[in-house]
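Hello,

Here is the structure I said I would pass on. My notes follow below it.

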Amino acid sequence: PQAQKQGIEVRVNPPPERLPMMNVDRLRLEQVLLNLLVNAMEAMPDGGVIEILVSHDEEAVSKSIVIEVMDSGPGVPDDLQSRIFDPYFTTKSEGTGMGLALCDKIVRQHNGSLDFHRTAHGSVFDITLPIQ
């Protein structure tokens, strides 16, 4: 409902094939995704697009599932990008600055990685989780 109020379109693009079962803490990964979605919405107060892509590569040596959360917001300024996963770092007037730090910790506890990059169209957060 909040995304609709802000004029944000949320697109979810699951892979065409069924994903393998994974041994993960569903609630904690849900917390990661929710935090990334809330951050994306806050980056686009005047509307935009959030896209979630899920991919799986069976052929790769290290088999993994990648979840990409992309937004069409302005992106994180270049001078702040190296600090976004630091505990207590925030660019917001409210909040603790722990959101992305906790997301990174949760993903690492699942032997995965959380990466960030900016594109010409906004920000992209990649969650890579190994298939065990």
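A residue counts as buried when its relative accessible area is under 20%. Please keep in mind that this is a predicted model.

Histidine 110 sits in the loop that joins H3 to E4. Its relative accessibility is 12%, so histidine 110 is classed as buried. Apart from neighbours within four places in sequence, histidine 110 contacts Val24, Asp25, Leu29, Leu129, Pro130 and Gln132.

Next, the core. The largest nonpolar core has 26 residues, and the members that touch the most others are Val32, Leu36, Ile50, Leu114, Phe125 and Ile127. Two or more residues each come from helix H2 (26-42), strand E2 (48-57), strand E3 (64-71), helix H3 (99-109), strand E4 (113-119) and strand E5 (122-130). The biggest contribution to this core is that of H2, with five residues. As for leucine 36, once residues up to four places away in sequence are set aside, this residue touches Val69, Leu100, Leu114, Phe125 and Ile127.

At least two lining residues come from each of H2, E2, E3 and E5. H2 gives the most to this lining, with four residues.

Regards

How values were computed: Residues are numbered from 1 along each chain as its sequence is written. This is a predicted model: local features need pLDDT of at least 70, side-chain atom pairs count only at pLDDT 80 or more; totals for chains, interfaces and linings use all residues. Side-chain values use heavy atoms; hydrogens and water are left out. A nonpolar core is a set of buried Ala, Val, Leu, Ile, Met, Phe, Trp, Tyr and Cys residues joined through side-chain atoms within 4.5 Å. Buried means under 20% relative accessible area, exposed over 50%, partly exposed in between (1.4 Å probe, protein chains only). Contact means heavy atoms within 4.5 Å.
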